[in-house]
Amino acid sequence: MAQQSPANKAPTGYDDTPFIPGTEWRVHDGTRPQPRIITPVAESSQNEPPSDAIVLFDGSDLSKWTGRDGDAAWKVENGYMEVTRAGNIETKEHFGDCQLHLEWAAPAEVKGDSQGRGNSGVFLMGNYEIQVLDGYDNPTYADGITAAIYGQYPPLVNACRKPGEWQTYDIFFLAPRFGGQKLISPAYITVVHNGVLVQNHQAAMGPTGHRQAPSYSEPHPPQGPIMLQDHGDLVRYRNIWIRTL
């Protein structure tokens with residue numbers, strides 16, 4: 001069940017979920033220690049992608065993305081895209097090993113708490129989520145805070161900027177390798193949040209999920225889409241590019 005929270009507050013953790021393999025913590029455990037809070041560098045934007053990058057979103061249109069019912073239906077204006085509660089969107093092109101850069105902003109007006117505040121997510125191969133959340137002065141379960149490998153690893157530190165400010169993710173991803181039905185090597189994920197290393201070549205335990213113990217129970221293709229989650233909050237994204245490795 002969910003950890004007790006004050007009336008009308010979202011739960012800050014659970015105590016009835018499976019244990020994460022090799023740890024003493026349950027998935028989304030409300031008692032797991034929180035990452036240390038630090039102040040990142042001032043807001044900035046890396047406007048020009050490197051020459052070998054594939055630009056996935058330059059602020060003008062969603063032609064490289066698809067949505068739940070065909071075309072991606074998120075709003076595009078002023079150089080950013082914004083969740084419209086029309087469902088997740090994902091890239092038409094699929095990727096494996098990659099370097100991914102993107103910038104995002106949670107709503108400036110704070111509404112909700114815990115997982116109900118500025119919630120979205122970046123999914124590598126459609127399977128491995130790096131949590132997007134307004135984690136500034138917002139208690140929640142540690143493996144669901146901003147830049148967590150969702151349901152598995154909290155970030156090394158909480159490097160969030162204030163609500164409404166643009167934040168950057170630079171994600172370095174090595175896809176898992178399978179030999180037939182057998183896992184040869186897991187996915188490895190490195191995340192730099194606002195210029196701060198928060199996930200250091202971390203081996204994912206399997207595809208991420210809500211209230212689920214991770215595992216590589218089934219092999220999957222060597223490439224998959226980059227997916228952005230519509231969790232119902234009006235999160236914005238801009239300046240998205242990727243390099244294949």
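This is a predicted model: local features need pLDDT of at least 70, side-chain atom pairs count only at pLDDT 80 or more; totals for chains, interfaces and linings use all residues.

Student: What holds strands of a sheet together in general?
Tutor: Backbone hydrogen bonds pair them, either parallel or antiparallel.

Student: OK, what's the strand order in the open sheet of 6 strands?
Tutor: The order is 4-3-7-17-9-10, with antiparallel pairing.

Student: And which are the edge strands?
Tutor: Strand 4 (70-71) and strand 10. Each pairs on one side only.

Student: New topic. Which residues touch the most other members of the largest nonpolar core?
Tutor: That core has 46 residues. Trp-65, Met-81, Leu-100, Val-122, Tyr-237 and Ile-240 touch the most other members.

Student: Which strand gives the most to this core?
Tutor: Strand 8, with 4 residues. Other elements give two or more residues too, including strand 2 (54-57) and strand 18 (236-244).

Student: Back to Ile-240. What does Ile-240 touch?
Tutor: Leaving out residues up to four places away in sequence, its contacts include Trp-65, Met-81 and Leu-100. Leu-228 is on the list as well.

Student: Last one: cysteines. Are Cys-98 and Cys-160 buried or exposed?
Tutor: Cys-98 is buried, because its relative accessible area is 1%, under the 20% cut-off. Cys-160 is buried too, at 5%.

Student: How many disulfides are there?
Tutor: The count comes to 0.

Note on methods
Residues are numbered from 1 along each chain as its sequence is written. Side-chain values use heavy atoms; hydrogens and water are left out. A nonpolar core is a set of buried Ala, Val, Leu, Ile, Met, Phe, Trp, Tyr and Cys residues joined through side-chain atoms within 4.5 Å. Buried means under 20% relative accessible area, exposed over 50%, partly exposed in between (1.4 Å probe, protein chains only). Contact means heavy atoms within 4.5 Å. A disulfide is a pair of cysteine sulfur atoms within 2.5 Å. Two strands pair if DSSP finds at least two bridges between them.
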